[in-house]
Amino acid sequence: MTKITNLYKIYNENKQNEFTALNNINLEIQEAQTIIIRGKSGSGKSTLLSIIAGLCKPTSGDIIIENENIAKLPDINISNFRNEKIGFIFQSFNLISGLNTFENVMAPLVLKKIDKNQLEKQVTQALKIANIEHKKEQKVENLSGGEKQRCAIARALVMNPSIILADEPTANLDKSNSLIFIEMLKKFKELKKTVIVATHDSLFDNLEFVDRYIDIKDAKIE
Amino acid sequence: MLSRNFIDYSIKLLLKDKTEYFFSFIIFTFIVFILSTVLFISDSIKYDLLSTLGNQDQIIVTNTKSGKYFPLNENHINTILQLDGVENVQGKVDGYYNFSQSSRLIHLIADDSLSDDEIIVSKDIKLLFKIFHYDKEFNFLTLDGTLTKKIKSVIASNILSSNTIFANSDVSREILQMNDEQYSYLSVYVPNDNEVEFLARKIMDIFPNTIAISKTQLQSYYRQIFYYKGGIFMILYIVAMLTFFILLKNQVSSVLTEQKKQIAILRSIGFSIKDIISLKFIQNSVIALSSYFIGVLTSYIFVFIFDAPIVKNIFLGEQMENIIFTPTVDFRMHFLIFLFTIIPFLAFIIIPSWKVAIEDISEIMK
């Protein structure tokens, strides 16, 4: 379970340009739930995902994930947590250009002491789930937008994490690829992943497999 | 302990960005090349000097008159032989022959293994003679007339032998206008090394006009002359490293701007700050080590195979341009170059990477 209590994120605290991105967020997400966080640009939904992923620290508050308060973990532990428990799909995919699909997907695995066969097996499995195995030798800069996202999905799945976070996953996709991504979310649910998607895309409205919609406005949950 | 997969991946990322690292690689290789070249040449010169001196007896005695060198005689030899601790004294003949056609003073050394009508010359002198059409013979011009000597053989030039002619003692005396009982210097053999300094002082006490130098004193004198490592070498090192780091600073800042995103991506998938530093350490160690070894190897080839063209003249002057550097490697000094180049290089690269790694990843990802 993921439990967020009294969460605040204030940028440039005590300065003239102080900005509150998250204002007293309280949230409980059960395991294997699919959650859609909706809100306009700048409402704080991306910041919330970043904090859940441990990419940035909250100003105050607690984030308990699987009985561990990640807000208080040192870098080495939070990085390990991010590596093992979180799969993050970014709006701009954030793939490493110059490397091929396979090499991008294998990146999280190189931190683990596993043999080459095991590594190849896990990467191939993730590529299959994301339906991008046929492009594994291709340099990522030569992939289409949809293929890039499937590569990013494969990378997010390769460590078999319990939580998948997606920040504006369809912002750089056309409608058909956006629908493919939504189908992918169903697959995540079947795989019993906790999925949190931050989006303002109306394609995500009224999806029957979504467990909960959360609306954020002006840094607060409505 | 880093996994094999991690090391392989670090190299993969390095090779992917090889053009970005190329500049640092080239500059680093060039600096190691320059420092190693200076070191190889100075070591080689020092080695030749010290190994030649190593064959000398323990004390060299020269005589002066009015502050100028003046021949010694049998009286000096007999008196020194009387001293307790001295086992043998040999009178040696050498001096400088003025080769007026080329306005050059050539070192003439007596060697009694040669017959009266032959000489041995160094490669440099052989080439000099050739210019004046002395191919197989050479004519020494003396006050008593011309002495024609056959060139028996040519020896390789080193720092001491490059400007040398060897001839029999009688011939040498004739050319140098010395009497039969005169010697240029005396070579004194003292079996007990502990008595050398004392006996050198004793000789100077007996003959106040003489200068008695022990082999150890002579070696330290030569060491000082060619002690590039101490003074010039350190200045060269500091200038080279400062230049390198100024160039590297610009390079690092432009590469880091490109790599900021990559570091943030790696952080987002679970790389810790320590992992990023390890990754950068591996990548830059590969650059530094390959630059170091290529720099040293090319320098070795440049000095000992191609005889350091251009640089040789800076060290030795134009008259010694045909000398051959004896291959010698001072591993301690190369290890110091290794430490003083690679450690600052790694620190210079890794600290900015660490600064990027500790930044707010979510901000960079935006």
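## A crossing of two helices

A crossing of two helices is called right-handed if the near helix is turned clockwise from the far one by less than a right angle, and left-handed if the turn is anticlockwise. With that in hand, welcome to this predicted model. In chain B, helix H9(B) passes helix H11(B) in a right-handed crossing. H9 covers residues 273–304 of chain B and H11 covers residues 331–357 of chain B. Their axes come within 9 Å and cross at roughly 150°. Angles over 145 degrees count as roughly antiparallel, and H9(B) and H11(B) are therefore roughly antiparallel to each other.

Which residues in H9(B) meet H11(B)? Among them are B:Ile273, B:Ile277, B:Phe281, B:Ala288, B:Tyr292 and B:Val296. On the H11(B) side, the residues they meet include B:His334, B:Phe338, B:Phe345, B:Leu346, B:Ile350 and B:Trp354. Sorted by class, the contact of H9(B) with H11(B) has 15 nonpolar, 5 polar and 1 charged residues.

## Two domains in chain B

Let us step back to chain B as a whole. Its domain assignment gives domain 1 as 4–52 + 227–365, and domain 2 as 57–225. The C-alpha centres of domain 1 and domain 2 of chain B lie 46 Å apart.

The two domains of chain B do touch: the contact takes 13 residues from domain 1 and 14 residues from domain 2. On the side of domain 1 of chain B that touches domain 2, the residues divide into 7 nonpolar, 4 polar and 2 charged.

## Where chain A touches chain B

How many residues does the contact take from chain A and from chain B? It takes 24 residues from chain A and 22 residues from chain B. On the chain A side, helix H2 (residues 75–85) gives the most, with 6 residues. By class, the side of chain A that touches chain B has 13 nonpolar, 6 polar and 5 charged residues.

## Paired strands in chain A

Your last stop is strand S1 of chain A, made of residues 2–11. S1(A) runs antiparallel to strand S4 (residues 60–65) of chain A, and 5 bridges join them. Here A:Ile4 stands opposite A:Ile63 in S4(A).

S1(A) also pairs with strand S2 (residues 19–29) of chain A, in the antiparallel sense, over 7 bridges.

Definitions and conventions:
Residues numbered from 1 in each chain as written. Chains lettered and ligands numbered in written order. Predicted model: local features only at pLDDT ≥ 70, side-chain atom pairs only at ≥ 80, totals over all residues. Axes fitted to C-alpha atoms, helices over the stretch in contact; angles between N-to-C directions. Helix = DSSP H or I, 4+ residues; strand = E, 2+ residues; numbered from the N terminus. Parallel < 35°, antiparallel > 145°, perpendicular 65-115°, else oblique. Contact = placed C-beta atoms within 7 Å. Nonpolar A, V, L, I, M, F, W, Y, C, P; charged D, E, K, R; others polar. Domains from an automatic or database assignment. Pairing = 2+ DSSP bridges.
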